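Visitor: I would like to learn how to read a ligand site and a pocket in a model. Could you walk me through one?

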Amino acid sequence: MYDYIVVGLGVAGFSFLQQLEENRQNYIVFDNQSQQSTRIAGGMFNPVILKRFTPAWQAAQMLPYALLQFKKAELKYQNQYIHYIDIYRKLTGIEEQNNWWVASDKPVMCDYMHQITYEKIDGIEAPFGFGVLKGTGIVNVSALLDDVQNELKRRNLLRNEYFDYEQLHIHEKYVGYKDIKARKIVFAEGYGLKNNPFFKDLPLMGTKGEMLMIETEAQIPYIVKSNVFIAPNVVKKGQYYVGATYNWNDKTNLPTPQARKHLEEKLSRLLQKPFRVVLQKAGIRPTVTDRRPLAGVHGRYRNLGVLNGMGTRGVILAPSIAKQLFGYMEFGMTLPKEIDIKRFEPV
Ligand SMILES: Cc1cc2nc3c(=O)[nH]c(=O)nc-3n(C[C@H](O)[C@H](O)[C@H](O)COP(=O)(O)OP(=O)(O)OC[C@H]3O[C@@H](n4cnc5c(N)ncnc54)[C@H](O)[C@@H]3O)c2cc1C
């Protein structure tokens, strides 16, 4: 008998596994790579909304815990995932410069938003300078998931297959699935939740995002944000991540020529040096109508949990929300109303 079955090994599933490990629970994981959100994410962590210079929901509060959890993973797997890189927000005029100063004086924001600089960045013109954000960076979540997967495979704890919901048998004190019994099950399937008969009515919208990997001679040591992000590929010098698009209609993981054109056009306005696209990828962000995560247990079957809705900020949110869900499922701790799926009753 396992303590938990976990369905989904994106950043949400990984964060829940960390809670299980820390609390000496045993588990088995199902993942079939049908969703790609974590794998293709830029992995950026930044608690400031760079369009309006406002704080992202709970991000500054949750970021230290997220970094602590990723640091623990670094120690465990003897690999580097966290890369601190300043973000340079290209400013568009005097008004934005003023807005930057006003915002950077506010509590919390002042920890991240620093000076305006006129530093020259290779290939990028910025007559009004850049607002500099510090304490930001990239978590190489893809490398992290590779390491976690390898370890789980080695320990025979990963089933690389589709979790077939119809074969789940729910009993009062445990669940049964094929040859497996577990006290509880947690679903962390990202947009795959739409196929889950127990939680499919939750208002998960899904927002498709596409990104490009490019090569250029320009040497850009920071993450630069203008109408797109350009961020150094932390594992390959000379390559840069460019993203991302937002599409609320298309729910496939397929890259499209439209998104490529859109990103290339935006990048051409930002980067005054030639570039070459070497990769294009697409995934569905698990976004929710009210833009808050989804955590909780099924209204009728209390041994079925859900961890989802990380939206555009999985790296910052997932570790804390996983901790809150585990505390709720094991110790009866209260889930904050904003993330509890009860706000959408009945489920
Ligand atoms: C282009 C793009 C850029 C992004 N950039 C950033 C960024 O810079 N920073 C940031 O914090 N966030 C970013 N995000 C958002 C971030 O990717 C998400 O918030 C996060 O990855 C969601 O993680 P998840 O674990 O909930 O879902 P997923 O990563 O989608 O993982 C779900 C897993 O469940 C598995 N699964 C689903 N159903 C089943 C089933 N029935 N059986 C077996 N396995 C199943 C899937 O195969 C998948 O591995 C970006 C997203 C996109 C698309």
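Guide: We will go through the ligand site, then a pocket, then some backbone details. This is a predicted model, where local features need pLDDT of at least 70, side-chain atom pairs count only at pLDDT 80 or more, and totals for chains, interfaces and linings use all residues. Residues are numbered from 1 along each chain as its sequence is written, and side-chain values use heavy atoms, with hydrogens and water left out.

Visitor: Which polar atom of Asn32 lies 3.0 Å from a nitrogen atom of the ligand?

Guide: In Asn32 a side-chain atom sits 3.0 Å from a ligand nitrogen. Thr312 instead uses a backbone N or O atom, 3.1 Å from a nitrogen atom of the ligand. A polar backbone atom of Val315 is 3.0 Å from a ligand oxygen. The protein buries 96% of the 1,000 Å² that the ligand exposes when taken alone, with areas from the Shrake-Rupley method and a 1.4 Å probe.

Visitor: Where does the second largest pocket lie?

Guide: A pocket is an open set of points on a 1 Å grid over the protein atoms alone, with protein on both sides within 12 Å along at least five of seven lines; lining residues have an atom within 4 Å of a point. The second largest pocket lies between domain 1 (2-40 + 142-204 + 289-344) and domain 2 (83-138 + 205-284), because both give residues to its lining. Those bounds come from an automatic or database domain assignment. Of the 21 lining residues, Ala41, Asn140, Ser142, Met213 and Asn233 lie nearest the centre of the pocket. Helix H6 (141-154) gives the most to this lining, three residues.

Visitor: What is the omega of the cis peptide bond that joins Gly243 and Ala244?

Guide: Omega is about -10° there. Ala244 lies in the loop between strand E18 (239-243) and helix H7 (257-270).

Methods
A polar contact is a pair of N or O atoms within 3.5 Å; within protein, one must be able to donate a hydrogen and the other to accept it, and residues adjacent in sequence count only if both atoms are side-chain atoms. On a 1 Å grid over the protein atoms alone, a cavity is a set of points where a 1.4 Å probe fits but cannot get out, and a pocket is an open set with protein on both sides within 12 Å along at least five of seven lines; lining residues have an atom within 4 Å of a point. Helices (H or I, at least four residues) and strands (E, at least two) are DSSP runs, numbered from the N terminus.
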